[in-house]
Each structure stands twice: as structure tokens, then as C-alpha cells.
Amino acid sequence: MLAHDAASSWLGITIDELADGHAALSMTLRPEMMNGFGVSHGGMIFAFADSAFAFACNPLDADGSTQTVASGVDVNFLAPSYAGQKLRAIASRRAATGRSGLYDVQVFAQQEDGAEQLIAEFRGRSRTVPARSGKETR
């Protein structure tokens with residue numbers, strides 16, 4: 001999935017852990033990811049958490065007939081982060097019933113002393129749907 005994910009590639013995301021219902025990702029914030037106040041743009045943090053969510057809810061052994069996508073998400077920004085900081089996102093399945101799932105993602109920023117600070121909490125609701133067959137245009 002990562003090989004075809006241009007957004008995650010642009011963000012500089014690496015996958016540190018991957019298991020059924022779980023993903024741990026990391027990335028380093030770059031200057032072009034900052035907003036006008038000099039802190040990370042919320043959209044960058046959201047996109048990072050969303051990628052962790054996507055990797056956690058798409059099974060490693062999938063046969064390609066389905067894909068799991070977001071049906072809705074909520075995000076809470078708890079603290080700022082800055083260019084040069086390494087972020088870590090940990091996504092975990094909380095529940096799954098039929099084609100629906102619930103996932104939590106925590107985003108941490110590494111501080112100068114090496115400690116990690118929780119900077120965002122993301123909750124995603126997933127839905128497994130049939131995979132598209134080829135590229136569709138609108």
C-alpha cells in the first residue's frame with residue numbers, strides 16, 4: 001500500500017511496526033509543513049494520523065478484492081509541534097463488527113530531551129468496501 005501512497009511518501013512517512021489492526025509510523029516535520037504561526041499545520045498532523053489509521057485498518061493478507069477506507073474521523077490537537085521534530089503515530093483497532101471498525105491513533109512529538117509528548121488524538125471509523133477495478137475519472 002505504501003508503494004502506491006504518494007501522500008504518505010511526500011510526508012516522508014516510514015512504517016516502524018505493522019500488524020493486524022495496528023500500525024506505528026514515524027516522520028520528521030519539515031519547514032514547509034509549518035503554518036503562519038511557525039507551528040505544524042494541523043492538516044499535516046491530520047494526514048500523518050490518517051495514514052497510520054489506513055495502514056492499521058487494511059489487513060496485510062488482503063486478496064485485493066476489498067479496501068478499507070475512512071467513513072468519518074475526529075481529531076483533537078493537544079500541543080504544538082515544530083520543524084525538525086520527529087513524530088510517531090500509533091494506531092490501534094478498538095472494535096470491529098462486520099464491515100465497520102473503530103480505531104484510535106495517538107500522535108507524539110519527540111522533545112529535545114528525547115521524551116515524547118502527546119500532541120494529537122485521532123479516532124477513525126472505517127468501512128470495508130469492494131476495491132475499485134481500475135482508474136475511474138469524473
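Is D104 buried or exposed? In this predicted model, D104 has a relative accessibility of 19%, and because buried means under 20%, D104 counts as buried.

D104 sits in strand β5, and its side chain makes polar contacts with the side chains of two arginines, R94 and R123. Here they are side by side:

| Side-chain pair | Polar contact |
|---|---|
| D104 and R94 | 3.4 Å |
| D104 and R123 | 2.6 Å |

Setting aside neighbours within four places in sequence, D104 is also in contact with I90, A91, S92 and F122, among others.

Now for the nonpolar core. The largest one holds 28 residues, and the members that touch the most others are M27, F48, L87, V105, V107 and I119. Two or more residues come from each of β2 (22-28), α2 (42-57), β4 (86-97), β5 (100-110) and β6 (116-130). Helix α2 gives the most, with nine residues.

Of its 17 lining residues, M1, D5, A54, N58 and T68 are the closest to the centre. The elements that supply two or more lining residues are α1 (6-11), α2 and β3 (66-77), and α2 gives the most, with six. By class, the lining has nine nonpolar, six polar and two charged residues.

Technical notes:
Residues are numbered from 1 along each chain as its sequence is written. This is a predicted model: local features need pLDDT of at least 70, side-chain atom pairs count only at pLDDT 80 or more; totals for chains, interfaces and linings use all residues. Side-chain values use heavy atoms; hydrogens and water are left out. A nonpolar core is a set of buried Ala, Val, Leu, Ile, Met, Phe, Trp, Tyr and Cys residues joined through side-chain atoms within 4.5 Å. Buried means under 20% relative accessible area, exposed over 50%, partly exposed in between (1.4 Å probe, protein chains only). Helices (H or I, at least four residues) and strands (E, at least two) are DSSP runs, numbered from the N terminus. On a 1 Å grid over the protein atoms alone, a cavity is a set of points where a 1.4 Å probe fits but cannot get out, and a pocket is an open set with protein on both sides within 12 Å along at least five of seven lines; lining residues have an atom within 4 Å of a point. Ala, Val, Leu, Ile, Met, Phe, Trp, Tyr, Cys and Pro count as nonpolar, Asp, Glu, Lys and Arg as charged, and the others, Gly among them, as polar. A polar contact is a pair of N or O atoms within 3.5 Å; within protein, one must be able to donate a hydrogen and the other to accept it, and residues adjacent in sequence count only if both atoms are side-chain atoms. Contact means heavy atoms within 4.5 Å.
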